[in-house]
Amino acid sequence: MLRESKFCLAPSGMGFSTRSYESIAQGCVPLVIQDEPVSHTSVDQAFEDLLPWDEFSLRLTQADIPRLPQLLAQYPDAKWRALKR
């Protein structure tokens, strides 16, 4: 099922970026929702200084969740298909 999905949810939780790695391995775009709404800070991704996370993932905040369908619909299919190669 994940291989056919355009996005795979990669929220914070089980270790540092584990869900992001699983998403990438399945060929779907990691949907990273990792922010701290009270302090308005975000969680760093592994090797952020080396890896271009913005090129192979989509990062949103918890405040974006109510608009999730609209935001995901705006993600270009061409970008996703380039990741599938």
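Select Trp-53 and Phe-56 to begin: Trp-53 is buried, and Phe-56 is buried as well, where buried stands for under 20% relative accessible area, exposed for over 50%, and partly exposed for what lies in between, computed with a 1.4 Å probe and protein chains only. The model is a predicted one, in which local features need pLDDT of at least 70 and side-chain atom pairs count only at pLDDT 80 or more, whereas totals for chains, interfaces and linings use all residues. Residues are numbered from 1 along each chain as its sequence is written, and side-chain values use heavy atoms, with hydrogens and water left out.

Staying with this selection, both Trp-53 and Phe-56 lie in helix H2 (residues 53-56), three residues apart, which is about one turn of the helix; helices (H or I, at least four residues) and strands (E, at least two) are DSSP runs numbered from the N terminus.

**The aromatic pairs**

The structure holds two aromatic pairs, a pair being rings of Phe, Tyr and Trp (its six-membered ring) with centres within 6.5 Å, called stacked when the planes are under 30 degrees apart, edge-to-face when over 60, and tilted otherwise. Select Phe-7 and Tyr-75 next: their ring centres are 5.2 Å apart and their planes stand at 75 degrees, so the pair is edge-to-face. Because Phe-7 belongs to strand E1 (residues 7-9) and Tyr-75 to the loop between helix H3 (68-73) and helix H4 (77-84), the pair ties together parts that are 68 residues apart in sequence. Phe-7 and Tyr-75 are both buried. Returning to Trp-53 and Phe-56, the ring centres lie 4.9 Å apart with planes at 45 degrees, so this pair is tilted.

**The nonpolar core**

Which residues make up the largest nonpolar core? That core has ten residues, namely Phe-7, Val-29, Leu-31, Ile-33, Leu-58, Leu-60, Leu-68, Leu-71, Leu-72 and Tyr-75, where a nonpolar core is a set of buried Ala, Val, Leu, Ile, Met, Phe, Trp, Tyr and Cys residues joined through side-chain atoms within 4.5 Å. Two or more residues of this core come from each of strand E2 (29-33), strand E5 (58-60) and H3. In soluble globular proteins, nonpolar side chains tend to be buried together.

Centre the view on Leu-31, whose contacts (heavy atoms within 4.5 Å) include Leu-58, Leu-60, Leu-68 and Leu-72, when residues up to four places away in sequence are not counted. Among the other residues that Leu-31 touches under that count are Cys-8, Leu-9 and Ala-10.

**The salt bridges**

Turn now to the charged side chains, where a search of the whole structure finds two salt bridges, each a side-chain nitrogen of Lys or Arg within 4 Å of a carboxyl oxygen of Asp or Glu. Select Arg-59 and Glu-48, whose side chains meet in a salt bridge at 3.4 Å, N to O. Since Arg-59 lies in strand E5 and Glu-48 in the loop between E4 and H2, the pair ties together parts that are eleven residues apart in sequence. Arg-59 counts as partly exposed at 32% relative accessibility, and Glu-48 likewise counts as partly exposed, at 36%.

The other selection is Arg-67 with Asp-64, a salt bridge in which the closest N and O atoms are 3.5 Å apart. Here Arg-67 is partly exposed at 43% relative accessibility, whereas Asp-64 is buried, with a relative accessible area of 14%.

**The loop between E4 and H2**

Gln-45 is found in the loop between E4 and H2 and counts as buried at 4% relative accessibility. Leu-51 sits in the loop between strand E4 (41-42) and H2 and is partly exposed, at 35% relative accessibility.

**The whole chain**

Zoom out to finish: the chain has four helices and five strands, and from the N terminus on its elements run β-α-β-β-β-α-β-α-α. Buried residues make up 35% of the 85 residues in the chain. Among contacts between residues at least 6 apart in sequence, 52% join residues at least 24 apart.
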